[in-house]
Amino acid sequence: MNETTAPPARAALPHTVRTPLIAGNWKMNLDHLQAIALVQKLAWSLKDARHDYTDTEVAVFPPFTDLRSVQTLLSADKLPLALGAQDLSPHESGAYTGDISGAMLQKLGVQYALVGHSERRHGHSESNETVGAKALAAHRAGLVPMICVGETAADLEEHGAAAVPLAQLAAAVAQLPADAEIVVAYEPVWAIGSGQAATPEQAEEVARAIREALRDLRGDDSAAATRVLYGGSVTSQNIAGFLNQGNVDGALVGGASLKADEFSKIVQFRKHVTAG
């Protein structure tokens, strides 16, 4: 009689403490004066709340035209907010009208660069290969690429959960050195701006699949250390549910990041998280 042998269980990932990251993507909103006002109000709110930035990292991603003003404010007032860019060119320099290079961003004190946001993939027809080239350009400039992955409602219907995000992730990291630091942001396209976020369980399912994929692509240590964020209609009312999941390490916040008080409440998610 033949016996079916179950595949061996995979060993646990190395224990790594991942600092949560709450990132605000302002998209095409706010001029440089409005940007200064928003950052000041956010910083004051978090100071009043005695926020510990070493416990939860906070980053803002203004439009290109606001970066210098925000960077000057952060530097002058010694504000511990991280600065991110919403996009960058895959090229280092040259005849690329309208493009912004990673080196230019690095000189402005930018630490993170979004690559592969769904609005770039769909609105600007960016392929997986282009996203990978931009991730590599960010890494080479000393920035941390925040690789955005996610599926549309049609993708979800046709391929099921995680299939499209994992394919996008594999294509992006294929161009990166194995030791390059990255952040992965899972943003179900069907949830962005809809007011209907994924459930915490849905986010955790995909985040867990992303971490397992990173294990195969980049090894155990990288998989354990890489932060996986959720993005898609995040609010102060639902953030605790997402951050209570074992593989969700933060959030990429859209519209709510344009309201200092609301974004501050999202950053302070620990006040609402309870033991599972």
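Q: Where does Ser233 lie?
A: Ser233 lies in the loop between β7 (227-230) and α10 (239-243). Helices (H or I, at least four residues) and strands (E, at least two) are DSSP runs, numbered from the N terminus.

Q: What kind of model is this, and how are residues numbered?
A: This is a predicted model, where local features need pLDDT of at least 70, side-chain atom pairs count only at pLDDT 80 or more, and totals for chains, interfaces and linings use all residues. Residues are numbered from 1 along each chain as its sequence is written, and side-chain values use heavy atoms, with hydrogens and water left out.

Q: Back to Ser233. Buried or exposed?
A: Ser233 is buried, at 19% relative accessible area. Buried means under 20% relative accessible area, exposed over 50%, and partly exposed in between (1.4 Å probe, protein chains only).

Q: What is phi of Ser233 near?
A: Phi of Ser233 is near 60°, a positive value in a residue other than glycine.

Q: And what about phi of Ser125?
A: Phi of Ser125 is positive too, near 55°. Ser125 sits in the loop between α4 and α5 (128-140). Ser125 is exposed, with a relative accessible area of 63%.

Q: New topic. Which residues touch the most other members in the largest nonpolar core?
A: Ile22, Ile147, Ile210 and Tyr230 do, in a core of 66 residues. A nonpolar core is a set of buried Ala, Val, Leu, Ile, Met, Phe, Trp, Tyr and Cys residues joined through side-chain atoms within 4.5 Å.

Q: What does Ile147 touch?
A: Not counting residues up to four places away in sequence, Ile147 touches Val115, Ala135, Ala172, Val173, Leu176, Ile182, Val183, Val184 and Ala185. Contact means heavy atoms within 4.5 Å.

Q: On to charges. How many salt bridges does a search of the whole structure find?
A: The search finds 12. A salt bridge is a side-chain nitrogen of Lys or Arg within 4 Å of a carboxyl oxygen of Asp or Glu.

Q: Which residue meets Lys27 in a salt bridge?
A: Glu119 does, at 2.8 Å from N to O. Lys27 lies in the loop between β1 (21-25) and α1 (32-48), and Glu119 in helix α4 (residues 118-123), so the pair ties together parts that are 92 residues apart in sequence.

Q: Which residue forms a salt bridge with Arg120?
A: Asp87 does, with the closest N and O atoms 3.3 Å apart. Arg120 lies in helix α4 and Asp87 in the loop between β3 (82-85) and α3 (102-107), so this pair joins parts that are 33 residues apart in sequence. Arg120 is partly exposed at 24%, whereas Asp87 is buried at 11%.

Q: Which residues are linked with those two in a network?
A: Glu126 and Lys134 are linked with Asp87 and Arg120 in a network of salt bridges.

Q: Now helices. How do α1 and α2 cross?
A: The axes of α1 and helix α2 (residues 67-76) come within 9 Å and cross at roughly 35°. Axes are lines fitted to C-alpha atoms, for helices over the stretch in contact, and angles run from 0 to 180 degrees between N-to-C directions.

Q: Which residues meet there?
A: His32, Ala35, Ile36, Val39 and Gln40 in α1 meet Ser69, Val70, Leu73 and Leu74 in α2. By class, this contact has 6 nonpolar, 3 polar and no charged residues. Ala, Val, Leu, Ile, Met, Phe, Trp, Tyr, Cys and Pro count as nonpolar, Asp, Glu, Lys and Arg as charged, and the others, Gly among them, as polar.

Q: What do the buried residues of α2 pack against?
A: They pack against α1, β2 (57-61), β3 and α3. Leu67 and Gln71 are among these buried residues.

Q: And what follows α2?
A: Lys78 does, with a positive phi near 50°.

Q: Last one: how do α7 and α8 pack?
A: Helix α7 (residues 163-173) and helix α8 (residues 200-218) pack at an angle of about 30°, with their axes 10 Å apart. Leu166, Leu169, Ala170 and Val173 of α7 make the contact with Ala209, Ile210, Ala213, Leu214, Leu217 and Arg218 of α8. These residues divide into 9 nonpolar, no polar and 1 charged.
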